[in-house]
Amino acid sequence: MRIDIITALPQIVEGPLDQSILHRAQEKGLAEVHVHDLRAFTTDKHRQVDDYPYGGGAGMVLKPEPIFAAVEYIAEEAEGEPDEIIFLTPDGDVFDQPMANTLSLKNHLVLIAGHYKGIDQRVRDVLVTREISIGDYVLSGGELPALVLVDAVVRLVPGVLGDAQSALSDSFQEDLLDAPTYTRPAIFRGMEVPSVLRSGDHSRIAEWREKERRRKTTRRRPDLLQDSDT
Ligand code: JBE
């Protein structure tokens with residue numbers, strides 16, 4: 001899978017992409033993440049990526065020309081149009097696990113991280129195919145949301161996680177939270193690991209985990225149990 005991130009602040013996204021699972025996914029050739037500095041696509045003397053909003057108002061707006069140029073450059077480099085051009089914005093569809101699952105099946109995603117107050121509406125009207133929010137709170141830009149989306153999606157690409165099973169048992173798969181987990185020692189400061197987990201009886205362990213998942217979900221996130229088709 002290929003992901004291109006367009007941003008005026010490339011340094012914010014570059015660091016985390018070179019760590020841990022995202023780094024390993026790229027080393028293994030399972031994901032290819034490219035970061036594009038909007039400034040590189042400006043053509044004016046001052047290399048201006050943003051400007052004042054028409055009609056007035058607070059904050060700056062990202063100009064359309066460099067964004068269009070970046071998307072056109074990416075399509076040429078990738079030798080084809082991307083599957084989705086996603087704008088990260090607090091007024092988008094709220095990101096969730098089913099959305100991550102769907103996006104993980106695509107070959108090529110372009111993410112636009114608007115900083116400042118937003119981006120020119122014409123980018124959203126004719127370039128963007130999906131608008132996604134990572135939650136109902138305001139951040140100073142789309143860079144952290146872009147990283148959240150990349151992390152959630154890339155870890156679902158087959159082969160990225162060591163244990164092929166582990167994405168399937170995550171919280172939110174099957175609309176349930178994950179069960180409690182423990183590691184050694186068996187007794188720590190008087191607190192004991194549930195004996196069933198040390199029993200070696202795999203069907204009893206699976207039963208216990210299922211029961212714990214339902215119990216935790218009922219207590220903490222009853223909303224997840226509502227419109228389930230199971
Ligand atoms: O969720 N988002 O995609 C955002 C983008 C920019 C600012 N705040 C957000 N929540």
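Is Ser104 buried or exposed? Ser104 is buried, with a relative accessible area of 13%. Here, buried means under 20% relative accessible area, exposed means over 50%, and partly exposed lies in between (1.4 Å probe, protein chains only).

## About the model

This is a predicted model: local features need pLDDT of at least 70, side-chain atom pairs count only at pLDDT 80 or more, and totals for chains, interfaces and linings use all residues. Residues are numbered from 1 along each chain as its sequence is written, and side-chain values use heavy atoms, with hydrogens and water left out.

Ser104 sits in helix 4, which covers residues 97-104. Helices (H or I, at least four residues) and strands (E, at least two) are DSSP runs, numbered from the N terminus.

The side chain of Ser104 reaches back to Asn101. It comes to 2.7 Å from the backbone oxygen of that residue. This is a polar contact: a pair of N or O atoms within 3.5 Å. Within protein, one atom must be able to donate a hydrogen and the other to accept it, and residues adjacent in sequence count only if both atoms are side-chain atoms.

What else does Ser104 touch, leaving aside its neighbours within four places in sequence? Its partners are Met1, Val153, Leu156 and Val157. Contact means heavy atoms within 4.5 Å.

## Salt bridges

How many salt bridges does the structure hold? There are 13. A salt bridge is a side-chain nitrogen of Lys or Arg within 4 Å of a carboxyl oxygen of Asp or Glu.

Take Arg2 and Glu32. Their closest N and O atoms are 3.9 Å apart. The pair links distant parts of the chain: Arg2 is in strand 1 (residues 2-7), Glu32 is in strand 2 (residues 32-37), and 30 residues separate them. Arg2 is buried, at 11% relative accessible area. Glu32 is partly exposed, at 41%.

Arg213 and Glu174 form another bridge, at 3.7 Å from N to O. Arg213 lies in helix 7 (residues 202-220), and Glu174 lies in the loop between helix 6 (143-154) and strand 9 (187-188), so the pair ties together parts that are 39 residues apart in sequence. Arg213 is buried, with 7% relative accessibility, whereas Glu174 is exposed, with 54%.

A further bridge joins Arg198 to Glu192, with the closest N and O atoms 2.9 Å apart. Arg198 is partly exposed at 44%. Glu192 is exposed at 51%. Some bridges share partners: Arg2, Asp4, Glu32 and Glu77 are joined into one network in this way.

## Backbone exceptions

Most residues other than glycine have a negative phi, and most peptide bonds are trans. Some residues here depart from that pattern.

The peptide bond from Arg184 to Pro185 is cis, with omega near 5°. Pro185 is found in the loop between helix 6 and strand 9.

Arg47 has a positive phi, near 50°, and is not a glycine. Its place is the loop between strand 2 and strand 3 (50-51). Arg47 is partly exposed, with a relative accessible area of 42%. Arg189 also has a positive phi, about 45°, without being a glycine. Arg189 lies in the loop between strand 9 and strand 10 (191-192). It is exposed, at 75% relative accessible area.

## The ligand and its shell

How many residues surround the ligand? The shell has 13, and the closest are Thr89, Ser133, Ile134, Tyr137 and Leu139. A residue is near a molecule if one of its heavy atoms lies within 4 Å of it.

Which elements supply at least two residues each to the shell? They are strand 5 (84-94) and strand 8 (130-133). Strand 5 gives the largest share, three residues. By class, the shell holds eight nonpolar, five polar and no charged residues. Ala, Val, Leu, Ile, Met, Phe, Trp, Tyr, Cys and Pro count as nonpolar; Asp, Glu, Lys and Arg count as charged; the others, Gly among them, count as polar.

One from Thr89 is 3.1 Å from a ligand oxygen. One from Ile134 is 2.8 Å from a ligand oxygen. One from Tyr137 is 2.8 Å from a ligand nitrogen. Taken alone, the ligand exposes 270 Å², and the protein buries 95% of that. Accessible areas come from the Shrake-Rupley method with a 1.4 Å probe; for residues, only the protein chains shown count as cover.
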